[in-house]
Amino acid sequence: MISKMTEENKRKIVIPGETIVEGDGYLPGEGTEKRGNKIVAQRFGLSEESDNLVKVIAISGPYIPRRGNTVVGKVVNVLANGWLIDVGYAENAFLSLMEVPRFVNKDALEEVMEIGDMMAGKIWNISKRGIDLSIKQRGFGRISQGIIMKVNPNKVPRIIGKEGSMIKLIKDETHCEITVGQNGFIWINGENVEDEIFARRAIDFVSDKSYIHGLTEVLTKWLSENKK
Amino acid sequence: MTAFKRPDGRKIEELRPITAKVGVVPNADGSAIYSSGNTIAIAAVYGPKKMHPQHSQNPEKGTLRCTYLMNSFSVSDRIKPGPNRRSMEISKITEWALEPVIMLKNFPNQVIDVHINIIQADAGTRCAGINAAAMALAHAGIPMKSMVSSISIGKLDKQLVVDLTKEEEDYHVGEGPTDIPISMTDDGQITHLQLDGKINHEQMKEAIEMAKEATKKVYEIQKQALKNALEEKK
């Protein structure tokens, strides 16, 4: 309990240009900048100190793609050597034919994915030329069933929870398979629609209550109360 | 010398009552309303998103695009809606006032759209617009080096005053009215300064010092508005 209290005390709301901490020995993390011996916030959000690392957890803003991110996107074009995918960023991502784990007839790329299809994949490279996706992993590829929902991409870490604890809880309670894209798109695939809608409500609940402390317990209570 | 009297009875360095709130336009990525006395500005931020047409894209850094518009009912004599010479100029000025603090390097080939609407005008609309836009940008999660706060310093005859109203802007006695809108970061660096009228060196320096004090007050209100928005959700 005591450790929780101090953790909460360390979190505070910051605005761009505001000094979070002063003094030597601090390292600037995400959303911050070092100016002299001060760590200054660059974004609006909650500041967090862990050891010497100071960072800002943004609560709004666009999705910034990172290498290794799982994303859920929409096929917007089929090219000669791959697909263009809209992942909710200003640039479209590219899924190359080489990154598909099975044989594909070069004349019939549509057989794998057509324009308008939804897909799940992983960002394996980001360069100046663009974002490259891969579906060489189990569970990735064209989405043929289930529902897709959108949340604020800044709340995705909260929905996943520490080492996936939050999402595991939702998965276990709703008996759905859930793929959370870092870009804020979430694919829910369950036995029946009722389960999927229940999972969606649970995720909406988490993203709505993402600011409160001890959310896992609150969610456990909510799940047991709302389960029929 | 007798104390200078302002029409609304304010002190020389007293600002009009300010209110500010963020998150007023649900469909925008970030938004804010800022009012100073009878002047009310709403700013809405959209993006960053891909710049179109393609030839306007800048691969080196992103673009900030501000659109300042006065609503036709914002002044006592209805004005024709839509952009005009004055509003296009103020749009550009707003871009220049905000660009130095926004980290546009992070958004190549992209554009951040800021729409500023003046729904009621009583002088100092560009300052209100800049203040609202800075809050809306922060609310939209755009990385910034600092906030920007703006205030207009006026010179009525020979007397410097802070935050002019329309009535004071029309004060034609002696040297007449001079309007100096100034925008500053929270550490007092100037991002925008305009001068409409005549002023000497000493008074200009004095005006900047007055703006430093006044923008500090504006900054505190902007900061509080942003913090309140998050505090409510907690």
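This is a predicted model: local features need pLDDT of at least 70, side-chain atom pairs count only at pLDDT 80 or more; totals for chains, interfaces and linings use all residues.

Reader: What makes Asp51(A) count as exposed?

Author: A residue is exposed if 12 or fewer other C-beta atoms, placed from the backbone, lie within 10 Å of its own, buried if there are 20 or more, and partly exposed in between. Asp51(A) has 7 C-beta neighbours inside 10 Å, so it counts as exposed. Asp51(A) sits in the loop between strand 6 (45-50) and strand 7 (53-58) of chain A, strands being DSSP runs of E with at least two residues, and helices runs of H or I with at least four, numbered from the N terminus. Its phi is near 55°, positive although the residue is not glycine. Most residues other than glycine have a negative phi.

Reader: And why is His175(A) called partly exposed?

Author: His175(A) has 13 other C-beta atoms within 10 Å, so it is partly exposed. Its phi is also near 55°, and its loop runs between helix 3 (165-174) and strand 15 (176-180) of chain A.

Reader: How do you know whether Gly174(B) is buried or exposed?

Author: Count again: 10 other C-beta atoms lie within 10 Å, so Gly174(B) is exposed. Still, Gly174(B) touches Asp157(B) and Lys158(B), leaving out residues up to four places away in sequence; a contact needs C-beta atoms, placed from the backbone, within 7 Å.

Reader: What makes a set of residues a nonpolar core?

Author: The members are buried Ala, Val, Leu, Ile, Met, Phe, Trp, Tyr and Cys residues joined through C-beta atoms within 7 Å. The largest core has 80 residues, and Leu137(B) is one of those touching the most other members. Beyond four places in sequence, the contacts of Leu137(B) include Val45(B), Leu98(B) and Ile142(B). Another core lies apart, with 38 residues, among them Phe140(A) and Trp187(A).

Reader: Why are strand 1 and strand 4 of chain B said to stand at the edges?

Author: Five strands of chain B form an open, mixed sheet in the order 1-2-3-5-4, where a pair needs at least two bridges found by DSSP. Strand 1 (18-22) and strand 4 (63-70) of chain B each have a single partner strand, so one side of each has no neighbour in the sheet.

Reader: How do you know that strand 1 and strand 2 of chain B pair?

Author: Strand 1 and strand 2 (residues 30-36) of chain B share five bridges, in the antiparallel sense, against a cut-off of at least two. Within that region, Val22(B) stands opposite Ala32(B).

Reader: Which peptide bond of Pro48(B) is cis?

Author: The one joining Gly47(B) and Pro48(B), with omega about 5°; Pro48(B) is in strand 3 of chain B. The bond from His52(B) to Pro53(B) is cis too, with omega near 0°, and Pro53(B) is in the loop between strand 3 and strand 4 of chain B. Most peptide bonds are trans.

Reader: How many residues of each chain are in contact?

Author: 14 residues of chain A are in contact with 26 residues of chain B.

How values were computed: Residues are numbered from 1 along each chain as its sequence is written. Chains are lettered from A and ligands numbered from 1 in the order in which they are written. Two residues are in contact if their C-beta atoms, placed from the backbone, lie within 7 Å.
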